[in-house]
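Trainee: I would like to learn how charged pairs get their labels. Can we work through some cases together?
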Amino acid sequence: MNTIKSNLQFFERARAKFGEKICVFNSRGKKKDQAEGFLHATDVVGVKKHLKTGAEIVIMCAHPKRFDVSIIDLLEEIEESSKINRQVIIHIDEAHAYIPAYRDKIAEMNGISITERIYMYSATPFSIWCSEASVHETEQLFKNIYVVDNEKEFRVTKSDKYFGVKDCQYRIVPQEYPMIDPIISPDFVGRWGNSKQRTAVREGRTVSWMNPGPFDIGNEIDLLSHTGYTLKMLNGTCIKDDSFSFNFVPGFCRKLTHYKIMEMILEIYPSALVVLINGDGTLLFKNDEDGVVIDDGITPPPGIVGSVIPAKNEPSEQIEDCIKKFPGRPVFITGFHCVGMSVTFINERIGNFDNVIYSHEHYMDRPDVQYQLCRFLFNYTSWSLEGQARIKKTKLFLSSRELLQNCLDYEKQVDKIDTEMSGSVLTRSEVVGDVKVKMKKVPEERRFDPLESYAKIVGLKRIPVLDGENEEEALEQVKGIYTRFMGKELKGRALPKKAESGKYSGFHHCSTTGKKEVLTEPRKFKKIIDNWKHTSNFALKRGQYKYARVYVVYDDIGNKGDYMWFVRMMEIEDTEEVDRFWESQEDK
């Protein structure tokens, strides 16, 4: 997973299983930033060196550069190396989150001769499959997928020691409670808001809870009203302020909801420990008579202590340490992205959750997301008999029966795949069954559609080269335009290069669709890019607002000397709405 929290947990388990034959491939060059006990490489050449000296396993984050470039480059290096000379098996964890976005790259990896097999792992696998009706060339590979029979092929015996949604007690909380104020108080924004939200408050503008929010933000007023009411309802019965209980209260994707839930809990349960996990880190909040503590830039309100929990690779062990340090208190876990996949909060010593407050109805057509958020589920195969005897019936307090049924239906179908369908090749309709699910497969060209209304093309410059005579002068002009707009030098991949060999040696090669080629007919190309969306053909990322792309287009494929430089420049507004879009994406 492309989150630090998930990676640390994975590293810990991999090291316990495979020892010192593991190379961690990431961009962290400084020793203090590297996971201890592993070989390290920051580029493909470094990985190749470790493979030559005995490394057998390479671990890397699932982020765009790895899928787009690194894995394929590494496979090609291994394929061409006589000293390594081995077959490769690729394992993709949480595959539902990555396969839809990188199908073309997965297909390319699969086509390389040394790739023996690609294993994909997921508790919510439906989005891995493509529709049987698809005619897209890349999607053909994903229409029929083999589901592994682990018991038959790996002698991993199926276990019934799994605590699922079906094993919980349920209560639907009647929606008769009052709604919270939609305006967020300036003091709260001052404590927990980002720089734009704080600026808005200073300028006299209001910051509001979403009702409903755009993208995947959801109705924050409903969530917080349901959560606050339920917390009060459980006070003194299911949750007591003077005794230990283990409770899960996930928020929405905006961090403000996490901090609001934390403050609600500490107001109702003064002795509580709140473990908050999001992009700000793994943090512990509690009330304290000593007053305010400022830790790593966090400034809680008077009476609340906020601190970073000492790092451990297993999140459950971090939580366990907090419980040992402050025993006899109710413990709450909240957050969103970092509690949604891969991360485990339960172990035999802590036990399972007592109570869960759950309200995520904006995902009703995405039961896979709702099920991934069920971090109160766990496998207890390795638990002792004493530990198994202490397993409690987790109580779920939900905002609607439909939300509960969605999770039950999804769990039932996933279990059916495992018990009745494994060891066979299946289609999407077979694995989905009767579950009502909207497959979230957003093509790359549509992923950033919500940003279109905040983006504008601020320039399209054309610089001609005639008979090659003004080639250097034109290039300097292009570099100047790019540098003045972007504030950095035009170099590396941003600058089209001339091919040094092959059929079109001496011609600049550019890319508009992923594959580099020689572009021709400047007038036609101008019409094509005029019809693009504003955000098309740019590598968009959070925190960047200016983008420029450079192309070379030849008059005639038979003439290297006559061509046109194009510099296309786009800018995205720096607004809170744009921030909300990025908040709806995964934590980086």
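Mentor: Start with Asp579. This is a predicted model. In it, Asp579 has a relative accessible area of 11%. Buried means under 20%, so Asp579 is buried.

Trainee: What makes Lys196 and Asp579 a salt bridge?

Mentor: Their closest N and O atoms are 3.4 Å apart. The cut-off is within 4 Å, so the pair qualifies. Lys196 sits in helix 7 (residues 195–202) and Asp579 in helix 18 (residues 576–583). The two residues are 383 residues apart, so the pair links distant parts of the chain. Asp574 joins Lys196 and Asp579 in a network of salt bridges.

Trainee: Why is Lys196 called partly exposed?

Mentor: Lys196 has a relative accessible area of 21%.

Trainee: Why is Glu56 called exposed?

Mentor: Its relative accessibility is 52%. Exposed means over 50%, so Glu56 counts as exposed. Lys21, at 44%, counts as partly exposed.

Trainee: What makes Asp368 and Arg366 buried?

Mentor: Asp368 has 9% relative accessible area, and Arg366 has 13%. Both values are under 20%, so both residues are buried. Their side chains meet in a salt bridge, 3.1 Å from N to O.

Key: Residues numbered from 1 in each chain as written. Predicted model: local features only at pLDDT ≥ 70, side-chain atom pairs only at ≥ 80, totals over all residues. Heavy atoms only, no water. Buried < 20%, exposed > 50% of the residue type's maximum accessible area, 1.4 Å probe, protein only. Helix = DSSP H or I, 4+ residues; strand = E, 2+ residues; numbered from the N terminus.
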